[in-house]
Amino acid sequence: LAVGRISRDPSLALGHRLDYVVLQEECDTPRALVRFVDFGKLSSAFIGPLNPGFCEVAAHLGKNWNKAIFSWMCINYKLDSTIHHNAFARTLPSPMQILLTIMKYFRWAHVGIIASSDDIWMYTAKEAATALRNHGLPVGIVTSVHKGEKGIEDTWNKIKEVNNIKIILLCMHSVLIGGQEQAALLTKALEMGLADGRYIFVPYDTLLYSLPYQNNSFTVFDNNSKLQEAYDAVLTITLESGERTFYDAFREAKESGEIIRDLEATQVSPLFGTIYDAIYFMAMAMDSARRKGVRASGATIAEHTKNFSFPGFSHQVETDSCGKGLDNYVILDTDGRGNQLFPTHLLDMSAGSVLPLGRAIHFPNEIPPKPDPSCWFDPDVLCTEG
């Protein structure tokens, strides 16, 4: 869809005809890296990788091959160094930057991370822990979900042993788009009395796409009062929708005949929109480099991602003078009943500030976790005595 629209876009002068090949990324990280290396000669640029486990190696290879890599999933902050990784560009703000801004706003510093046992999510959890620790924040535990009900119970018992945790980052597919593991994990937390407001559960994957929340009911909550109640302890952070949600944009593309697959919008992961935007993002960078008379190469394309604005799949995509994404994010909350999510705060990326939207967060038992000392968020002050 993106490549077709780019080829018809009169505002873009790329000087090349775009074509794509889907690189089926292996679930196992070493094998995924081998597949990536195989495509080094075939592709002129890369959208990905999906697995944060080999982002740094991919960025080094991209620099060596002089081929740009456009990623939304990579966490490692070292990749933002244009000296060492001049062929790497982010198509979305770093997920860790979003999380840090919100943690600082609420003063929740102590983190626990639970990952699905899939390789991709285990690496996501490890990279997230490293990124948070690099900012001086205490990550008390990084663990993966063990199989079966007993395994999930063991996971929560491990979490309970760690003091002071305020936020639990869930690195797995969101229950809102069909993540069964997250549903089982949250339901077990409720049964064990851990969804009582002592922790805030934050799904990781919703940071990577625009979850359609406006006028949208999530059927996963229907006839499931336990999951409804457990989700009261969850804060969902996602890209702010524009005037149209992902579902609206998908339906429009289907009605216009651009998407011919027989799929309902609700059957498609909103990550579709993120990938679409990443491909368009790359085309905008190619166009920008060409207009400035620069020969297209990995480094020059990755460098020309500054000061542009274009209509993404379901919202406007913008970058600042350094090439950083200015996409806004929202915090979504439920009321512990119903099947809808409501925005409570806006994260304005251009100012790096969190703005209340006039609707208070509904915490279980109406008590938020106690804030941590502000020294955790001040790089010049050492936290002592807890």
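A pocket is an open set of points on a 1 Å grid over the protein atoms alone, where a 1.4 Å probe fits, with protein on both sides within 12 Å along at least five of seven lines; lining residues have an atom within 4 Å of a point.

## The model

This is a predicted model, in which local features need pLDDT of at least 70, side-chain atom pairs count only at pLDDT 80 or more, and totals for linings use all residues. Numbering starts from 1 along each chain, and side-chain values use heavy atoms, without hydrogens or water.

## Second largest pocket

The second largest pocket is lined by 33 residues. Nearest its centre lie Asp80, Arg90, Cys322, Gly323 and Lys324. Strand S3 (88–90), H4 and H11 each give two or more residues to this lining. H4 gives the largest share, four residues. Helices (H or I, at least four residues) and strands (E, at least two) are DSSP runs, numbered from the N terminus.

The lining has 16 nonpolar, eleven polar and six charged residues. Here Ala, Val, Leu, Ile, Met, Phe, Trp, Tyr, Cys and Pro count as nonpolar, Asp, Glu, Lys and Arg as charged, and the others, Gly among them, as polar.

## Largest pocket

In the largest pocket, 47 residues form the lining. Tyr20, Val21, Val22, Ile275 and Ile279 are the closest to its centre. H10 supplies the largest share, seven residues. By class, the lining has 32 nonpolar, nine polar and six charged residues.

## Helices H4 and H5

Met96, Leu100 and Met103 in H4 meet Ala128, Ala131 and Leu132 in H5 (contact means heavy atoms within 4.5 Å). This contact has six nonpolar, no polar and no charged residues.
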